[in-house]
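Here is a friendly walk through one protein model, with the cut-offs spelled out along the way. Please keep the viewer open as you read.

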Amino acid sequence: MPRHTDYKPEYTELSKKLCKLGATDREVADFFGCDVRTLTRWKTEHADLAAAMASGKTEADERVVASLYQRALGYNDGERHIPADVVACIFWLKNRR
């Protein structure tokens, strides 16, 4: 199946949504039917695309950070108490300290 190399403005918002869901550059490129090198070129040529993808990835990362933090401390899920996880604590501290 041929890959395409034509950028479309609607890719900006679509790529942000994909990145918010945790998609990698390769997965975004596959979604658009292009090579990851083409996506990299598009990000260089279209600052709005690069910013949208970075923003989406940041949002996804922040959800993971919040989840790890919650897991490190322990939390209540409404029905039961989930105790703190030592591995999550160590991971958090190694990356923050």
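## Overall layout

Read from the N terminus, the order is α-α-α-α-β-β-α. With a radius of gyration of 18 Å, well over the 13 Å that the globule rule gives for 97 residues, the protein is more spread out than a compact globule. That radius is taken over C-alpha atoms, and the rule is 2.2 Å times the number of residues to the power 0.38. Along the principal axes, the C-alpha atoms fill a box of roughly 50 × 30 × 25 Å.

Of the 97 residues, 27% count as buried, where buried means under 20% relative accessible area, exposed means over 50%, and partly exposed lies in between (1.4 Å probe, protein chains only). Among contacts with a separation of 6 or more, 51% join residues 24 or more positions apart; a contact here means heavy atoms within 4.5 Å.

Residues are numbered from 1 along each chain as its sequence is written, and side-chain values use heavy atoms, with hydrogens and water left out.

The mean pLDDT (the predictor's confidence in each residue, from 0 to 100) is 92, and 95% of the residues reach 70 or more. Confidence is highest in H1, at a mean of 98, and lowest in helix H5 (residues 86–96), at 86. Where pLDDT is low, the predicted coordinates should not be read in detail.

## Aromatic pairs

There are seven aromatic pairs in the structure. Rings of Phe, Tyr and Trp (its six-membered ring) pair if their centres lie within 6.5 Å; planes under 30 degrees apart count as stacked, over 60 as edge-to-face and the rest as tilted. How are the rings of Tyr 11 and Phe 32 arranged? Their centres are 4.0 Å apart and their planes are at 25°, so this pair is stacked. Tyr 11 belongs to helix H1 (residues 11–20) and Phe 32 to helix H2 (residues 25–32), so the pair ties together parts that are 21 residues apart in sequence. Tyr 11 counts as buried at 7% relative accessibility, and Phe 32 is buried with a relative accessible area of 5%.

Tyr 11 also pairs with Trp 42: the ring centres are 5.3 Å apart and the planes at 35°, so this pair is tilted. Trp 42 sits in helix H3 (residues 36–45), 31 residues from Tyr 11, and the pair links distant parts of the chain. Ring pairs join Tyr 7, Tyr 11, Phe 31, Phe 32 and Trp 42 into a cluster.

In soluble globular proteins, nonpolar side chains tend to be buried together. The largest nonpolar core here has 13 residues, and Val 28, Phe 32, Cys 34, Leu 39, Trp 42, Leu 49 and Met 53 have the most contacts inside it. H1, H2, H3 and helix H4 (47–73) each supply at least two residues of this core. A core is defined as a set of buried Ala, Val, Leu, Ile, Met, Phe, Trp, Tyr and Cys residues joined through side-chain atoms within 4.5 Å.

Ser 15 is worth a look too: this residue lies in helix H1 and is buried, with a relative accessible area of 0%. Leaving aside neighbours within four places in sequence, Ser 15 is in contact with Val 28, Phe 32, Leu 49, Ala 52 and Met 53.

## Salt bridges

Seven salt bridges are present, each being a side-chain nitrogen of Lys or Arg within 4 Å of a carboxyl oxygen of Asp or Glu. Asp 25 and Lys 57 meet in one of them, at 2.4 Å from N to O. This pair links distant parts of the chain, with Asp 25 in helix H2 and Lys 57 in helix H4, 32 residues apart. Asp 25 is buried, at 18% relative accessible area, whereas Lys 57 is partly exposed, at 28%. Asp 25, Lys 43 and Lys 57 are linked in a network of salt bridges.

Within helix H3, Arg 41 and Glu 45 lie four residues apart, about one turn of the helix, and their side chains meet at 3.4 Å, N to O. A further bridge joins Asp 77 and Arg 80 at 3.2 Å, N to O; Asp 77 is partly exposed, with a relative accessible area of 37%, and Arg 80 counts as exposed at 52%.

Note on methods
This is a predicted model: local features need pLDDT of at least 70, side-chain atom pairs count only at pLDDT 80 or more; totals for chains, interfaces and linings use all residues.
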